[in-house]
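Dear colleague,

Please find the structure below for your records. My notes on a strand and on a surface patch follow.

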Amino acid sequence: MRHSVDVVITTHQGWEFTRRCLEHLGRQSVGHSVIVSDGASTDGTPEKLRALFPHVTLIAHSDDPGYAGATNVGVAAGSSDVIVLLNNDAFCRPDFLEQVGAAFDDERVGAVAPLTLQSDEQTIDGVGLTLDVTLAPFIRLHGRPVAEARSHRPVLVSPGGGADAYRRRAWLEAGGLDERLSFYGADVDLGLRIRSLGWTTVAAPDAVATHMRSATSGHRSRRARESGGWARGFLLRRWGILRTRSFARALVTEALVSLGDMALSRDTVAVRSRIEGWKGAGRLPRRAVPPGAVDPDIGFVESLRLRWTVR
């Protein structure tokens, strides 16, 4: 393969998933390096990893720095041409890294979105992310049959969702993940910055992994809702959405989503986290959304429907 590969796995608990993930990586058809950046797991992950996978580079943090912080440290520990960010609940087919590497043969490509499948291996979990005009992110092709994995719609904006790949040069030029976005939203923000620099993002539907979505973070857990809400407030202000023609739609959508979350969860996490995220971007310079980075075909009603599906 023309490209050297670092696989970076960021963990916090979930040893059994990490073990399975590493076992699948051990069957890859091409050579690679594996780096695990562990965010202060208390389930024995560091000790078990050292004993069972001595070839893996382990970075054991004494405190959990959050996903973005731990991932940046893991990436910095490597030097390969291609960086693959892999959730510990994603299990790769033997030619996964080979297919990912092939997608970077085009020198214009800065990021690659592999295909992740649900556990039945017949249903798409995701092929990267798409955005509506308010920068609300959605998993591309989620829930569709695997035969549709090569579809060009909706628009692919960035990798994201469990198995993501970046050219190291593009990653470094863009500055890596923004550590203010500790979990959700970091992939969207990085994808926009990479696109702003002139790099392209492509799908790699032949690079296949099975993803047990939210097995680690927990779907609709309080932590997930806080992180997602904070990211929405931050990104709306950081990328100047309320200064565009989409400002009214953004305000109405976020109000409806927040009210729905309050009704389901019986708390005000959705509102408070968005306000805090908005404040967090207050002193930062505004960025312009790069041309072609949103999908104008995702209408208001469709956006609301998608907001209640898995992210």
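In the hairpin of β6 and β7, Glu121 takes a positive phi near 60 degrees, and six residues lie between the strands. Strands here are DSSP runs (E, at least two residues) and helices are DSSP runs (H or I, at least four residues), numbered from the N terminus. The model is predicted, so that local features need pLDDT of at least 70 and side-chain atom pairs count only at pLDDT 80 or more, while totals for chains, interfaces and linings use all residues. Residues are numbered from 1 along each chain as its sequence is written, and side-chain values use heavy atoms, with hydrogens and water left out.

Strand β6 (residues 109–117) is largely enclosed by the rest of the structure, because nine of its nine residues are buried (under 20% relative accessible area; exposed is over 50% and partly exposed in between, with a 1.4 Å probe and protein chains only). Pairing requires that DSSP finds at least two bridges between two strands. β6 pairs with β7 (residues 124–126) in the antiparallel sense over two bridges, where Leu117 has Ile124 as its bridge partner. With β11 (residues 200–211), β6 pairs in the parallel sense over eight bridges, and Leu117 stands opposite Thr210. β10 (residues 163–167) pairs with β6 in the antiparallel sense over two bridges; there, Tyr166 is the bridge partner of Ala111.

On helix α10 (300–307), Val301 is exposed, with a relative accessible area of 66%.

Yours sincerely
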